[in-house]
Amino acid sequence: MGDKSELYEQALAGKKVPVLTLDNKWYKLFRNLAELPRIQEQERKLNELIQRQGQLNVDSKNIRKLKRKLMDEIVPMANELEQGRNKALEKKLDEHKRLIEECNEKLEQYQDELLDLPGQIERVNHNLMLSTMNYCYESMQENTQQIAEIAQWVKYIRIELKKNLVRKQEMEYQNRQIYSYMHDLFGADVIDMFDMKYDPTAAPQQSKAEGNKAENGKEGKK
């Protein structure tokens, strides 16, 4: 089928591709991701990056909240220490300062990672889009070929069906002719003589039974 990567890259140029694994329509394209290891691996990696981004945002929010709490507690401690020396309070103040410094370090670390994550997500999502386009192309090509084969089969079956319907009608006509001739010679016993399961000149059994039922109903009303 040839390498379509360059063509796909041109098609994606300047396009803002949404995060594929957040779109339920994307998942509907694949019956079983386990059968597509490359796409499954890219999907897993993309989801991990998205989950990491979400977790970092939550953690950063919680750390900022903790930092505000620690800073609010430092002010009254510092004011109290101005009134006199208190070793326990000094130790507590030092611990608050250490925790605030730790919060700052974590926030800086998380911020650096959060700044880098969008680019990573975009790259993985881009590669996943290329794999998706390749899968769609190959699937459509395969489906188109099978559609043509099935259409040809259906055409053949229709021709054969018409031929067999004609043969059926011809044989039914022949049976009626034979039965009519033999019936004229031997009467109704011809059915047993030729081991016939039905009367070729009679209407279908179901219709005949329904007709008898209708007649019986009319007589009952009289």
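The model is predicted.

**Glu43**

Glu43 sits in helix α3, which spans residues 37–83. Glu43 is buried, yet it has no salt bridge. The nearest side chain of opposite charge belongs to Arg44, 7.5 Å away. Glu43 does have a polar partner: its side chain makes a polar contact with the side chain of Tyr27. The two distances are set out here.

| Side chain paired with Glu43 | Relation | Distance |
|---|---|---|
| Tyr27 | polar contact | 2.8 Å |

Setting aside neighbours within four places in sequence, Glu43 is in contact with Thr21, Trp26, Tyr27, Leu33 and Leu128.

**The core**

The largest nonpolar core has 30 residues. Trp26, Ile39, Leu46 and Leu128 have the most contacts inside it. Helices α1 (5–12), α3 and α4 (87–186) each supply at least two residues of this core. The largest share, 14 residues, comes from α4. In soluble globular proteins, nonpolar side chains tend to be buried together.

**Helix α4**

Helix α4 has a kink of about 30° at Asp116. The kink lies shortly before the proline Pro118. Gly187 follows α4, and the phi of Gly187 is positive, near 80°.

Definitions and conventions. Residues are numbered from 1 along each chain as its sequence is written. This is a predicted model: local features need pLDDT of at least 70, side-chain atom pairs count only at pLDDT 80 or more; totals for chains, interfaces and linings use all residues. Side-chain values use heavy atoms; hydrogens and water are left out. Helices (H or I, at least four residues) and strands (E, at least two) are DSSP runs, numbered from the N terminus. Buried means under 20% relative accessible area, exposed over 50%, partly exposed in between (1.4 Å probe, protein chains only). Lys and Arg count as positive and Asp and Glu as negative; His and the chain ends are not counted. A salt bridge is a side-chain nitrogen of Lys or Arg within 4 Å of a carboxyl oxygen of Asp or Glu. A polar contact is a pair of N or O atoms within 3.5 Å; within protein, one must be able to donate a hydrogen and the other to accept it, and residues adjacent in sequence count only if both atoms are side-chain atoms. Contact means heavy atoms within 4.5 Å. A nonpolar core is a set of buried Ala, Val, Leu, Ile, Met, Phe, Trp, Tyr and Cys residues joined through side-chain atoms within 4.5 Å. The bend at a residue is the angle between axes fitted to the seven residues ending there and the seven starting there.
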